[in-house]
Amino acid sequence: MTATLDATPEVGAVPSFEVTLKVMRYLPSDDGSTPVPHWDEFRVQAHGTDRVLDALHKVKWEQDGSLTFRRSCAHGVCGSDAMRINGRNRLACKTLLKDLDPSKPITVEPIKGLPVVKDLVVDMEPFFASYREIMPFLVTTGTEPTKERRQSAEQRERFDDTTKCILCAACTSSCPVFWTDGQYFGPAAIVNAHRFIFDSRDEGGAQRLEILNDKEGVWRCRTTFNCTEACPRGIEITKAIQEVKRAMITRAF
Amino acid sequence: MSLVADPKAPRPPKAGPGRRTTRGNTELYGWVFMRASGVLLVVLIFGHLFVNLVAGEGVSQIDFGFVAGKWASPFWQVWDLLMLWLAMIHGTNGMRTIVNDYAEKDTTRLVLKGLLYFAFVLVVVLGTLVIFTFDPCPTGSPADLLPSFCTA
């Protein structure tokens, strides 16, 4: 923003405004009855520097302590607070309220396609099961070298983009193919496979390609780019998936 | 569909160690076929449209004699057969992926795919039969409706 004389009443002053949060509630009770998901509205006073996470904190700390959501670092690297804000998957800790048109209610829902445990907390196990399946660790053969495994800057650059993943599930839970039956490996698993497949030090590439050459693997990707748009780290996910597809085709022919 | 997101995932995660793997090159070949047949179909279909609608006397030339004349030549038999098979396999495979992507219940998926494969077999068998068993000179037909090479 460019500073203008008439728009700034006081140097360093942060504009404050009232904002309505429309949160999707899902509250399992002790008596075992099936809870009905419903919207709850909260009004909070927020500053121009506040994020959706700050507003959720205000609600939880000052209005309704039962509001449940995950957050750990609150600074965009732990990947705990991915949620559907105004219909788009984002990290609550990286989304400023002022960027969301605070004059209208801001909708907050859990990410789609994973079972909801409570309010905004979903069961991430199906997501991590796919992640574990692609073997997200270095696979080597032969004897351990006595020094580091050397790699040139170009070789490191080859998979640099996919090392940025924080496993927040924003991509996988934005994928319409994943929504249908939740059997698709999902963009996040493929991104993390890409990170090792194109690592010159790794020798498990063929195995990983074999795992993803599945009916529920890369071939279910329809290149809708939802994942690329949702990624809070700006990873070019669809491109990574296409690169894995290409590696499979050059291997098969 | 309700206005709000379904709190339950469409299907619970599979029990046991890991998912049932469905590995293999089937989907890979399917993916490559869609691209290769797509390119071929563009050539075949636009060639077909040009020969039928633009070349010669244009649309007005199409009658029984024109079609019969084309199918008397092995070149057009192969052309039309390729077009029929590629278009049907390409289209059916496309519909299959759409059904897989959108049908949430197993029974819906099964019924839709059953109908799809039935339609595929019906059209391919009938079409192939017509291309190969077509008689350009049926006996007892007026000569002015038949192609020029027919000798009554």
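Predicted model: local features only at pLDDT ≥ 70, side-chain atom pairs only at ≥ 80, totals over all residues.
Residues are numbered from 1 along each chain as its sequence is written, and chains are lettered from A and ligands numbered from 1 in the order in which they are written.

**View 1. Helix α1 of chain B and its end.**
Helix α1 of chain B covers residues 26–54, 29 residues in all. Helices here are DSSP runs of H or I with at least four residues, strands are runs of E with at least two, and both are numbered from the N terminus. From first C-alpha to last, α1(B) reaches 40 Å, close to the 42 Å expected at 1.5 Å a residue; the expected span is 1.5 Å times one less than the number of residues.

**View 2. Where chain A meets chain B.**
The contact takes 27 residues from chain A and 20 residues from chain B. Two residues are in contact if their C-beta atoms, placed from the backbone, lie within 7 Å. On the side of chain A that touches chain B, α2 (125–133), α4 (176–181) and α8 (237–252) each supply at least two residues, and α2(A) gives the most, with four. The residues of that side divide into 14 nonpolar, four polar and nine charged. Here Ala, Val, Leu, Ile, Met, Phe, Trp, Tyr, Cys and Pro count as nonpolar, Asp, Glu, Lys and Arg as charged, and the others, Gly among them, as polar.

**View 3. Lys215 of chain A beside chain B.**
Lys215(A) is found in the loop between α6 (205–212) and α7 (226–230) of chain A. Leaving out residues up to four places away in sequence, Lys215(A) touches Thr22(B) and Glu27(B). Lys215(A) counts as partly exposed because it has 16 C-beta neighbours inside 10 Å. Gln183(A) is 32 residues apart from Lys215(A) along the chain, and their C-alpha atoms are separated by 9.6 Å.

**View 4. The five-stranded sheet of chain A.**
This open sheet has the order β2-β1-β5-β3-β4, with mixed pairing. Two strands pair if DSSP finds at least two bridges between them. The edge strands, β2 (38–47) and β4 (88–91), each pair on one side only. Neighbouring strands are turned by 35 degrees against each other on average, direction ignored. Ten bridges join the antiparallel β1(A) and β2(A), whereas β1(A) and β5(A) run parallel and are joined by three. Lys22(A) has a bridge partner in each of these neighbours: Glu41(A) in β2(A) and Thr107(A) in β5(A). Leu21(A) is partnered by Ile106(A) in β5(A).

Strands β3(A) and β5(A) run antiparallel with two bridges, and Ile85(A) stands opposite Val108(A) in β5(A). Strand β3 (residues 82–85) also pairs with β4(A), in the antiparallel sense over four bridges; there, Ala82(A) has Leu91(A) as its partner. Helix α1 (residues 52–63) of chain A lies across β1 (16–25), β2, β3 and β5 (106–109) of chain A, running at about 105 degrees to β2(A). Axes are lines fitted to C-alpha atoms, for helices over the stretch in contact, and angles run from 0 to 180 degrees between N-to-C directions.

**View 5. The largest nonpolar core.**
A nonpolar core is a set of buried Ala, Val, Leu, Ile, Met, Phe, Trp, Tyr and Cys residues joined through C-beta atoms within 7 Å. Of the 65 residues in the largest one, Ala169(A), Ala188(A), Ile190(A) and Val244(A) touch the most other members. Helix α5 (residues 187–197) of chain A supplies the largest share of this core, seven residues. Not counting residues up to four places away in sequence, Ile190(A) touches Phe185(A), Leu212(A), Val218(A), Ala240(A), Ile241(A) and Val244(A).

**View 6. Two loop residues with positive phi.**
Most residues other than glycine have a negative phi. Asp101(A), in the loop between β4 and β5 of chain A, has a positive phi of about 60 degrees although it is not a glycine. Asp101(A) counts as exposed because it has 11 C-beta neighbours inside 10 Å. Leu167(A), in the loop between α3 (153–157) and α4 of chain A, has a positive phi near 55 degrees. Leu167(A) is buried, with 20 other C-beta atoms within 10 Å.

Methods:
Buried ≥ 20, exposed ≤ 12 C-beta atoms within 10 Å, placed from the backbone.
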